Structure formats: structure tokens, C-alpha cells
Amino acid sequence: MSGVASVLSAAWERTLDLVFPRRCVGCGAFGAFLCPACLSATPRAQPPRCSGCWMPVLSPAEGPGAADVCERCRTRPPAFKAARCPFVYAGAAREAVHALKYDGLSAVAATMAEAMAGCLTEWRPPVTALVPVPLAGRRRRSRGYNQSELLARELSRLSGLPVNGGLLMKRKATPSQALAADEAARHANVEGAFAVRPKAETAGALLLVDDVMTSGATLDACARALVAAGHGPVCALTFARED
Ligand SMILES: [Zn+2]
Ligand SMILES: [Zn+2]
């Protein structure tokens, strides 16, 4: 950003703060979208976790059954190589996702991306570009934006990795993953839903970006399409995951 642009953008942010003061999505306190108290009370997605999907696994200290890879990834290995996220989908992390996705609070994306950038710095996956999980046209139009794209853009600003927003597209609208009965239904919902745009792109190591990971079916379908088109390895970063 040029000097003038950044001064204007800071001025614009101050104006916005006067008109729409920042309030914590967790407790309503003024000053930030996620206040320090709510942030520290939100469960972090700490290890020991599956090296594939980042689901909690038993540590060797917890006795037999300890493993690097969870049962689900052993039975059905995902097309992405590894996934990470800073938070468990609970408390203020859940409120932030709801605010971004259902309440139209797009400005919270910058705060969410900061936590994701912290996670990325620690993790350092071998990727060269960010790919937001696309929305079908109808849902994007009704929301006005794609929340994954906003997160990817903010993350790009913080990490310096470029966003490749045109690479992946959603071919058809799919039922809400949150309403799917079980994991098989989630995979069935998104099977063949994503496609790589047919244009000459250099194959690359990519990081899929999304707000929440539930069963991982959506990220898996996206990674499958990218890998089939010659890209890879594909990793995934979300703001939170459902444990
Ligand atoms: Zn708070
Ligand atoms: Zn796993």
C-alpha cells in the first residue's frame, strides 16, 4: 500500500470506528472484535493432534491407542497433506465465525486472520499461494462476499503469500454441511462440487483457506480437484475446527 493510501485507509478505519464502534463478538465489550479476555478463554487447537486433519488424538502418555494419524484419516486419507487451525470451534471462536458468516460483520475477518497468521508462522507449510474455498454463486450473492476469500486476503496481507482466487470454482450449490446427518452425507454433499478453472496455471503447492473445518469433507473435495489438476501438495488452514 502506498503512503497516501495507508493514511487514507487508517483515516477511513477511524471513521468506521466512530460510526460502527468495534465490539467484542464474545462479550460485547467495546474496543476490539475479539477482546483479550475472550481470546484467552477460547480453547486453542493444541496438540496432540492428527498430523492429517488436526483432530485430537491420544498422546503416548495417555496409554494405548496413541497415534500420529486419527482413525478417520487412516480409513479414508484426505487429499490434503495436513491441516491446522488456531482455535477449536467453540466460545468466542464460534461467535466470530457466526458474525462473519451470518451477521454480515465482514470486518471481523482481519482479526480472525491475525490468529491464522500466527498459526501459519509456527507451522510453516511448504506452500506458495493461498486458495480460498469458493462459494456457489447464489450463496455468494446473498451474503455479498465469500468469507473464505476475505480471510485469505487478510492472511495474504499478513503473510505475503499471494491469493489465487480464480483457480478453484464451485460447480454447483451444495446443501449446508452443518445440516448433514453424518460424515458420509457430508462427503456425498460435496462430491464433484469443485473444479479447477481450465487455464494454463503452473502447478503449485497450495494452502486452502476456510473459516471452519467440520468433517474435512469440503477441504478434501477441494484438495482432490486441485491434486487431480496437477497441483500439490495441498495443505489447509482454517480459523477453527469442530473437535
Ligand atoms: Zn470479549
Ligand atoms: Zn485425521
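This passage describes how helix α5 packs against two other helices, α7 and α4, in a predicted model. Local features need pLDDT of at least 70, side-chain atom pairs count only at pLDDT 80 or more, and totals for chains, interfaces and linings use all residues. Residues are numbered from 1 along each chain as its sequence is written, and side-chain values use heavy atoms, without hydrogens and water.

Two packed helices are described by the angle between their axes and the distance between the axes. Axes are lines fitted to C-alpha atoms over the stretch in contact, and angles run from 0 to 180 degrees between N-to-C directions. Helices are DSSP runs (H or I, at least four residues), numbered from the N terminus.

Helix α5 spans residues 108-123, and helix α7 spans residues 147-159. The two pack at about 55°, with their axes 8 Å apart. The pair is therefore oblique (under 35 degrees is roughly parallel, over 145 roughly antiparallel, 65 to 115 roughly perpendicular, the rest oblique). Their crossing is right-handed (the near helix is turned clockwise from the far one by less than a right angle). The contact (heavy atoms within 4.5 Å) includes Ala109, Met112 and Leu120 of α5 and Leu151, Glu154 and Arg157 of α7. By class, its residues are 11 nonpolar, one polar and three charged (nonpolar: Ala, Val, Leu, Ile, Met, Phe, Trp, Tyr, Cys and Pro; charged: Asp, Glu, Lys and Arg; polar: the others, Gly among them).

Helix α4 (residues 91-101) also packs with α5. Their axes come within 10 Å and cross at roughly 140°. This makes α4 oblique to α5. Here the crossing is left-handed. Ala96, Val97 and Leu100 of α4 meet Val108, Ala109 and Met112 of α5. This contact has six nonpolar residues, no polar and no charged ones.

Note on methods: Chains are lettered from A and ligands numbered from 1 in the order in which they are written.
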